[in-house]
Structures are given as structure tokens and as C-alpha cells.
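Good morning, and thank you for coming.

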There are 2 protein chains.
Amino acid sequence: MRIEIICTGDEVLTGKIVNSNFSYMSQKLEDVGLSVVWGTTVGDDRERLLDAFRLAAGRADAVIVNGGLGPTVDDLSQEIAAKATSTELVLNREWLAKMEEFFTRRARVMPPNNVKQAMLPATAEVLDNPIGTACGFALDIGKAWFFFTPGVPRELRRMLEEQIIPRLLKKSGRAVTIHLKRFHSYGLGESHVDTLLAGIEEMVPDGSIKLGFRAHYPQLETKLVVRGADMDEVRRKLAPVEAEVQKRVGNFILAEDDQTLEGVVLAALASRAATLAVAESFTGGQVAARLAPLAGAEKVFRRGVVARDLTQMRAAVGLPADGAVATPETAVAVARALLGATGASHALVLLVDLDEGADRLELGGTIAIAIATGTDTVTRQARLLGGREWVRLGAVEMGLDCLRRYLQGLPVDEKIDFEKK
Amino acid sequence: MRIEIICTGDEVLTGKIVNSNFSYMSQKLEDVGLSVVWGTTVGDDRERLLDAFRLAAGRADAVIVNGGLGPTVDDLSQEIAAKATSTELVLNREWLAKMEEFFTRRARVMPPNNVKQAMLPATAEVLDNPIGTACGFALDIGKAWFFFTPGVPRELRRMLEEQIIPRLLKKSGRAVTIHLKRFHSYGLGESHVDTLLAGIEEMVPDGSIKLGFRAHYPQLETKLVVRGADMDEVRRKLAPVEAEVQKRVGNFILAEDDQTLEGVVLAALASRAATLAVAESFTGGQVAARLAPLAGAEKVFRRGVVARDLTQMRAAVGLPADGAVATPETAVAVARALLGATGASHALVLLVDLDEGADRLELGGTIAIAIATGTDTVTRQARLLGGREWVRLGAVEMGLDCLRRYLQGLPVDEKIDFEKK
């Protein structure tokens, strides 16, 4: 099935906003085994919109149009859809009633120009939007099935998942149940994990499991898309493959599906009624900022200390100035003092000794990490390269991942790909 | 001049990466008075690339193609450009020599498949890429002038600014000198600033000044694009308008051009040899993380304290537990103690009392800010709504902006648009 996406709106065309709706839609469709083959971006311009609709109608089986369903005069999607199908715009009374209720629930009166949002081409099928006033709709233009969606990301997302993808999957005649399994890892590059997982798709010989990746430094996302007649079949196919991924990528998997590294760390601490104190230097509060604002962290996150200078950091935890340098030994001393000063059950200390000089790709940092509890201490030392920002991002992730590993009883000092040997 | 952009590559088409190159190019062109009228995204597919080139050639005066200049087999731009112009690919010996030198400088041997990057259509004009091996080039397809650019963002950016925009401006016959002046503000919404600046474009009656905005919460960017025969004329036209913007938006302007809020704060502190300590609660280290990692901050940023719990925060600065709540008075007490504990000349304390319950759009937070020096104290109180993340972002910005205002001798408690009255 050839699918195209048309993104509309002057704000997207002129680059005022980055078009993340396109990548979101494209990825969601890929995740269920459907592929986008062409993308078009045009502004709020009648002639160009009509051209874009006609060109796509001549090439594609299905077209998703995003944006242009709002109440203002520059929202043109319904009008041009009607023109492209040589039909009239007709007031959809059901949608009008829904909108009026929407405003009533919010104790507001519907402005008259919102009526425009209920004017749909006569041949349109309504696509429900339970969280907004923009009415989605579907209709045929030429031989292609067009879906019109709102530009507001959360409205689009819900409509795509609940209304459009099920229709496309049904039409494509594929197995109806498609499941996406995701693994998040830190420390191994995409090609390394790809090599580790060689042959994994062939574990299910009918080709219904597809492996994919998405790298967003410092983390890598490994994706398995599984197709089956129903969820039971999907689970049966996925179980052995999932276990094999967990075995091969092993300790490097820090979270699965919607979990985050900081969420996993917080849950592990919370489950043992532990509390955490953090001290960090060049990362400047970024480790604390990943954990402290989370819901539930108010019971776990006890204190964060940020200091670029080690003497200041030592003073903050009650240690005397002694010309200490950023070594694992210093990190341990700060961690032990931090436990004493805060009463936390766990301390994480992350020190970075950044290279001197101007920012450049070869600029690196030497990382020293210590984790301490009342009875135990572990350390990790590493060297990262890639410039100030790259080192900072990598150090934050390494600090959090060391804590995750410690809490899960795994070795904290396994070498990673990004580390200078 | 009708300009189109064609973005190529499976990673962009399938949404593996968000296409920020498109918005970057489009915005840069807008900034110099040129407009993109159509955008196309296609994968690494010979037939679709050729279709995309031909369609754009039939519609546009100029076309920028992004991506597909790499050394691997799926990089097809040169091949399809040659096909679209019915020319042969010819080895460009100068570019080959440049690439060899590029590798030699890095003490590496050029892999044989890089030779492909020096194969250009016979009619192509080279567009220099001083920081990479991908050779840009320009040629005519039909009546349109095509520019082929690398997918690596920093290589693209440099080529666009140094090679492509000057050629397009020259061809468009417009005044050659175009200057972009930017103002960054916090606290006023786009429509509010638009109203404040009513009539500003008309101060230069020949229409050579254009006003624009870019909102990225919590900040707003106000842009003036000025055209003139040369930089002297641009400066003459801009000076009174610039002064008027500074007068009307006034204290809300936190930075100009490439400056950042945190950079302005750091520079103001450094210029008076001041040092800073920060204590924060729900923002979780995000204020510290904006300042502490900056180059030069090692001399200024003395200590950061993060605690979700006020008793912990008070303990961290040596104050007894007393059941304090997040008020300006508590913030002042913590700020004074922080000065004593750290020896810093300035203290910034940012407390957020977040509403109870699940995250929702109506969830808010009450902000209490104190800034203290050895001799002075100021406070600010506010209420922000919009959910956990929105409140957190707004609170961080408000804390930093209060410090900027204090250091610049401005009132810290001017009401902002995002604040619940």
C-alpha cells in the first residue's frame, strides 16, 4: 500500500515550527508495517493545496493530510477537499452539537466562526476527535483514500492510532494484530547491537517479526514489530525472540517500552523504600533534573549538590578542602559524606574532569563515579570524547545507568562503545 | 522567486529522524526575504527521486535538494541529477584531491568508496563544503536552478549561508545586504508583543523592514529582517527601529541575537567578579544545569542545592527544621543561609509549591523566588498553570530572568502574561 503524507500550513512551510507530526506519523505507520513513500509540505494556499491533493491522488493508495481543520480563514482543508471531489460543503449537525457541548462543558460560549469546523464535504466520513473541536474526516479523491487530520499533535496522535491505522490495516488485508516491542539501551552503538542480534528475525520463519533501531544519543532504541492473527499469536511469536534479545543485549538494556532510565531508577529505589542523594560537577544538575521532578520522587530524592569546584563540593558535604582531584577515591569520599549529611540510604557522585581549551570534537572528559550505601561502595571510571555537550550528555547517562546497574545487582563497570579504551 | 526544498533519505521519510533541516532552511531563507513554496520528502529510491526532481523542475525557479551525497550505495543524488539532465557523471579531480587531503590531515587513508563523492554531473558547478567530504553542487534541471546539499546539519548550514543564499539573492535582483536582528524575551505572548510593536515596520516607509516572531515556550523571539544596498544603509535603517523595540518591549528583552538568558546572567555576574549559589526544589536542578556547565561558569557558579523537601533544603544550608512552607520568606531565609554556607556573593532560591493530584492542563504551581546578596534581598511570587512540565519550564525561566533583572537593576516583579492574575 502506497501511503503519502501532506503537511499543510504556513507555520510548517516557513519553518516557524519543526514538523514533528510528519516523523511521528511516518514512524507510527512503519511500526505497524505500513510505509510512507512520499511527503509533501505546502502552505495555506488554495491553488497549491489543490495541486498537492491531485498529485497525491494520482500516485497513492492512501493519503494523510495534516492541518487546516481549524476555525480561522487560513484553515482550508475542508474547502479544498470539497473542490477536489467536486462536492459541496454540508453542515454536519452531529459535529456541531458535539462542539457546542465541548464549549458548554468548559463553561464557554462557542464563537460563531467555529461552525466552519462542522462544514464537511458531502461524501466525507467523520473521524472522531474526542479531545478537540477539529473534525477529522475521510473521503476518496480519485482512487486514493484521503484522511484529514488536525495539526494539534495530541489530537493527531489519537486520531491516527484509533481511527486511521485500524482502517488502513483492515484495507491492506494484513493480520489485524500488530505489536511493537521496544528495548532501550545505553553504551552500545546501533551497528554493534545489529550485529549482536544477527538472525533474530529468522527465529520466526514466516517473516512476521521485523527488527529496527532508532538512535538518539546517548540511548539506542531497539524495536521488534510483530504481526499475528491475534494478540495470543503475537505473544507466542514474540516470547522467545524477546528472551533472546534480553539475553544478547543483556545488562545494557536499561528499560523497555514506555519506561525511562530515570523511571526505572526511581522505581527500584522506591520499591526498597530507599532515598537518594546526588552530587555532580560538570553535569551541573542534569542528573538531579532527570530524577527530582518525577512524580513520586518527592519521597525518594533527598538532596542534590552541584559544584564545578571540588573544594566547594567537599564543603557542601562537610569535608575539608584538601586539593582533591576528580578520582574514584574522591567520589567515594564525597559519597560517604553525602550519606552522613543527608541521611539518604544511597548516594550517587558523578565527577567530570573536562579537558582544557576551546570546544572541539576531540575535547573529552574523564568521568569518576561512586555509588555508596551504608555498607557498600562501587566505583566506575571512564573517558568520553566528542566535545563539551556530548561529554555532558554521556556522563549524565553513565551516572544514571551505573545506579540502575547497581540497584539491579549488575556490574557497573562494563566497558561501553562510546568510551575511549 | 518560487523556491522548493526536496529532502531525501529513508531515515527522514520513515521518521527515524525528525527533519529539522527543512525548517532550518526554510527559516533561513525567510530571514533574507526569500520564500519556500513547496516541500517534498522522498526516500533513497531512484524512480521517486527522479519524479521529485522533475516535478519541482516544472514548478520552481530554484530547488534545494538535501541529502544523498554520501559515499554509500543508497546515496543517489549525483546519479539522479545526471539522469535528470541527461549528462554523465565525471570525476572531479579537484574534489578528489581535497578529500584525500581531508583524510591525510586526520592521519587516515581514504576508503575507496569515497571516490563516489567526487563524481559529479558534467554540467555541475561545485559548491564548497569546507568541513566535510560531501561535495555540494548546482546545475539547471529544466528551467529551475538546483542546489544539492549534504544531509549533515552543520555542513548544510554552512553551505546554505555561504554558497546558496548569496547566489539566490543575486539572482533575485534584491538588495544584496540583508540583516537579521533578533530579540529574546520572556513573559509576553506573541500577540501581545505584536500589539506592542504595531506600526514598527512603517518607521521605514520603503518596506525594507519586516517584523516576525518565533515562539518557543517559555521564550519568544522577535525578528527584524532589514534590507539595504549595503551594511551602512542597513544600520541606518535599523538603528531607530531597534531603539523603538527596546523601548516598547523594554525590561522583557532578556537577550539579543546569539545571546542566551543564562549567558547574559553569567556575563553580568562575571563582569562584577561575583559568585553564585542556587537552591531549587521542584525544578530539580534545571536552573543549575542551565548555568553550571557553561564555559567560564567554573569561576562564577559556586554551588547548587536541589531538594524536593524544604526541611532537606534548610538542612543543606544549615537551617533547622521548622515546618516552613514555600513562601518568599522561606526563600529569603534559605538564600541568606546559602550565602553564609557557600561564601557566594549572590544567592538565587527558587521554590515551587506544586498542586496535588494527577498531571493535567489545569495543574499549577506557586512560585516563590528570593535573590540575596550581602546587603540586599528581593523576592518574587507568582502562580503558573499548564501541567507539571509547563510549570517546571516556566519556573526555571522565571528564576533565571529574575536574576537577570536584578543584575541589570530592573524590577523583578513585573507581571507576565503566563501568570495567573
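This is a predicted model: local features need pLDDT of at least 70, side-chain atom pairs count only at pLDDT 80 or more; totals for chains, interfaces and linings use all residues.

As background, most peptide bonds are trans, and most residues other than glycine have a negative phi.

Let us begin with the peptide bonds. In chain A, the bond leading from A:Y217 to A:P218 is cis, and its omega is near 5°. Where does A:P218 lie? A:P218 is found in the loop between β10 (209-216) and β11 (219-228) of chain A.

Turning to chain B, the peptide bond from B:Y217 to B:P218 is cis, with omega near 5°. B:P218 is placed in the loop that joins β10 (209-216) and β11 (219-228) of chain B.

I now come to the phi angles, starting with chain A. A:A273 is not a glycine, yet its phi is positive, at about 55°. This alanine sits in the loop between α9 (261-271) and β13 (276-280) of chain A. Is A:A273 buried or exposed? A:A273 counts as exposed because it has 9 C-beta neighbours inside 10 Å, and the cut-off for exposed is 12 or fewer.

B:D257 has a positive phi of about 50°, although it is not a glycine. Its position is in the loop between β12 (253-256) and α9 (261-271) of chain B. With 9 other C-beta atoms within 10 Å, B:D257 is therefore exposed.

That concludes my presentation, and I thank you for your attention.

Notes. Residues are numbered from 1 along each chain as its sequence is written. Chains are lettered from A and ligands numbered from 1 in the order in which they are written. Helices (H or I, at least four residues) and strands (E, at least two) are DSSP runs, numbered from the N terminus. A residue is buried if 20 or more other C-beta atoms lie within 10 Å of its own, exposed if 12 or fewer, and partly exposed in between; C-beta atoms are placed from the backbone.
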